[in-house]
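Please look over the sequence and the structure before reading on.

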Amino acid sequence: MEMNKIKDTLRAAKKENAFFHELFEIAVLLKGAFGVIELFLGAFILLVNRSAVSDFLLYLVHGELVEDPEGFFANRIAHFSQNLSANTESFIGGYFLIYGFIKVLLVAGLLREKMWSYKTAIGLLSVFIVYMVYRFSYTHSPFLALLIATDIATVVLIWREYLFMLKNALPK
């Protein structure tokens, strides 16, 4: 009976905090979708030979290169695909596979309101943010800056939701 009372209190409090809760859910669902994509991408990179990965990347940018031969991103991807080593391919495939798995696991915990997942998600996302900031210091990539900003916003939303859960889940 006490657990139902706690859940009812939590539902009522969530209605008061609906806007930020919806933002939290959207951010978490997007993280989950990207996690699934990263899982498939990592498996694809690891399971398919290097020339097929290179050909696939070139196929993705071919239309853009025909339209704009000087296109910055398309040229970067084409250059990257032509210089893809076995070690780089293994690293990228493993990175996507591990990072995608971690994201999917954390998203499942967050959506099920498992308390362990809030701090874990904040900690792991923070580690990835630090790494991305380090990489940004070398690349100055606008795309990477956008990812950093998005992940920081996601961490803030997770932290806010975690505090909300603590405040409203504990018996008074």
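## Basis

This is a predicted model, in which local features need pLDDT of at least 70 and side-chain atom pairs count only at pLDDT 80 or more, while totals for chains, interfaces and linings use all residues. Residues are numbered from 1 along each chain as its sequence is written, and side-chain values use heavy atoms, with hydrogens and water left out.

Helices are DSSP runs (H or I, at least four residues), numbered from the N terminus.

## Helix H5 against helix H6

Two packed helices are described by the angle between their axes and the distance between the axes. Helix H5 spans residues 86–111 and helix H6 residues 115–139; their axes come within 9 Å and cross at roughly 150°. Axes are lines fitted to C-alpha atoms over the stretch in contact, and angles run from 0 to 180 degrees between N-to-C directions. H5 and H6 are therefore roughly antiparallel (an angle over 145 degrees). Their crossing is left-handed, meaning that the near helix is turned anticlockwise from the far one by less than a right angle.

On the H5 side, the contact (heavy atoms within 4.5 Å) is made by Tyr95, Tyr99, Ile102, Leu105, Leu106, Gly109 and Leu110. H6 contributes residues including Trp116, Tyr118, Leu124, Leu125 and Phe128. By class, the contact of H5 with H6 has 12 nonpolar, 3 polar and no charged residues. Ala, Val, Leu, Ile, Met, Phe, Trp, Tyr, Cys and Pro count as nonpolar, Asp, Glu, Lys and Arg as charged, and the others, Gly among them, as polar.

## Helix H2 against helix H5

H2 and H5 pack with their axes 7 Å apart, at an angle of about 150°. That makes H2 roughly antiparallel to H5. H2 passes H5 in a left-handed crossing, and the contact between H2 and H5 holds 19 nonpolar, 7 polar and 4 charged residues.

## The largest pocket

A pocket is an open set of points on a 1 Å grid over the protein atoms alone, with protein on both sides within 12 Å along at least five of seven lines; lining residues have an atom within 4 Å of a point. The largest pocket has a volume of about 2000 Å³, where volume is the space filled by probe spheres set on the points, joined across faces, edges and corners.

Its lining has 46 residues, and Phe96, Ser141, Phe143, Leu144 and Leu147 lie nearest the centre. H2 gives the most, with 11 residues. The lining divides into 32 nonpolar, 7 polar and 7 charged residues.

## The largest cavity

A cavity is a set of grid points where a 1.4 Å probe fits but cannot get out. The count comes to 1 cavity of 30 Å³ or more, and the largest cavity has a volume of about 110 Å³.

Of the 14 residues lining the largest cavity, Lys31, Lys103, Leu106, Ala121 and Leu125 lie nearest its centre. H2, H5, H6 and H7 each give two or more residues to this lining, and H5 gives the most, with 6.

Note on methods. Parallel < 35°, antiparallel > 145°, perpendicular 65-115°, else oblique.
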